[in-house]
Amino acid sequence: MNTTIKATLIALSSLLLSAPASAALIATPLTDCSAVSINYIGFTPTSGNLAPNSINSTSCIRVTESGNGGANDEPYNKSGWDNVGLFDQGTLNSEPFSYYVNGEGASLFDADWVNLDLNGDGIPDVYKPGWIGLATYNKGVDYFEVIDFDLAKVLEFTFTPDSDLKSGTWFLAVDAAAIFAARDLLGNSYFDHLNLILKVGKEYISYNFDFNNPLFDFVDLNRNYSIGGIWSTKDFRNSNDEQQALSHATVAAHDPVRATSTIPAPAPFWLLGLGLGLLLVNRKVRS
């Protein structure tokens, strides 16, 4: 098991044991993460496959609830939320995936946190695990917004289930022309993790791709890519060990935004550069 995940799970276990008797979310890492994989990475959806082979998600975590209500993944665009990766806003920005240990932010997926001092008093006032919701599938695809910008303008998420809703394909494509047109609004940055959550019944599993992993050493984080693969609900079984049908899916990405917006940022990796540090500053000015 990854030592970072092991250590953070131990910390989470202690938090759960010391918590009140009310229902709590429980995160359990899986050893087999082949249910979601990438089998295509290209500069465009038709430019040719750069992936040398199919690559399974680099880590995956099942989330259940200690009570009877079931574990539900959270959206990233609730009222008043701008979907810029703030702590406690959206599933991957919240416990059990993102949490504090001894005053420091930590992540089950070893994704870095950023604490921003936007008012200049020397004390961080914005805490960002940095996960950005991109789109959801529930009998159709809906896109999230970043502040007031509809991500449907710059990406296309295709999620195709088989007739039994137990397996299928997924693809994330980018409109490079739209990215160029939106650059003044969105700035530049890149994503270093892609995460697909599958929800079935009273639990969900988060499948993460860490592009810092040597498995992706053929990828240049300064380039745009389109990415696709396959998915399956084979990790969801009922009491008779029968595979269960999908309820819905959510795709998100991690933005390792720098602590200051004055550092020149590279061109985006496969997706638009959201420049989320700049967006946060804009949001502060607007409010």
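Analyst: Two strands count as paired here if DSSP finds at least two bridges between them. Strands (E, at least two residues) are DSSP runs, like helices (H or I, at least four), and are numbered from the N terminus. The model is predicted, so local features need pLDDT of at least 70 and side-chain atom pairs count only at pLDDT 80 or more, while totals for chains, interfaces and linings use all residues. Residues are numbered from 1 along each chain as its sequence is written, and side-chain values use heavy atoms, with hydrogens and water left out.

User: What makes strand 2 and strand 3 a pair?

Analyst: Strand 2 (residues 36-42) is joined to strand 3 by two bridges, with the strands running antiparallel. The rule asks for at least two, so that qualifies. Within this pairing, Ser37 sits opposite Asn56 of strand 3.

User: And why is strand 3 called an edge strand?

Analyst: The five-stranded open sheet has the order 3-2-17-14-13, with antiparallel pairing. Strand 3 (55-56) and strand 13 (155-161) each have a single partner strand, so one side of each has no neighbour in the sheet.

User: How do you know that Cys33 and Cys60 form a disulfide?

Analyst: Their sulfur atoms are 2.1 Å apart, and the criterion is a pair of cysteine sulfur atoms within 2.5 Å, so they pass. The structure holds one disulfide. Cys33 lies in the loop between strand 1 (25-29) and strand 2, whereas Cys60 is in strand 4, 27 residues apart.

User: Why is that disulfide called left-handed?

Analyst: The S-S torsion is about -90 degrees, so left-handed it is.

User: What makes Cys60 buried?

Analyst: Relative accessible area (1.4 Å probe, protein chains only) decides: under 20% is buried, over 50% exposed, and in between partly exposed. Cys60 has 2%, so it's buried. Cys33, with 10%, is buried too.

User: Why is Arg62 with Glu203 called a salt bridge?

Analyst: The closest N and O atoms of Arg62 and Glu203 are 3.2 Å apart. Arg62 in strand 4 (residues 59-65) and Glu203 in strand 16 (residues 203-210) are 141 residues apart. Arg62 has 19% relative accessible area, so it counts as buried, and Glu203, at 16%, is buried as well.

User: How many salt bridges are there by this rule?

Analyst: Three. Among them is Arg237 with Asp241, whose closest N and O atoms are 3.4 Å apart. Asp241 has 52% relative accessible area, so it's exposed, while Arg237, at 38%, is partly exposed.

Methods
A salt bridge is a side-chain nitrogen of Lys or Arg within 4 Å of a carboxyl oxygen of Asp or Glu.
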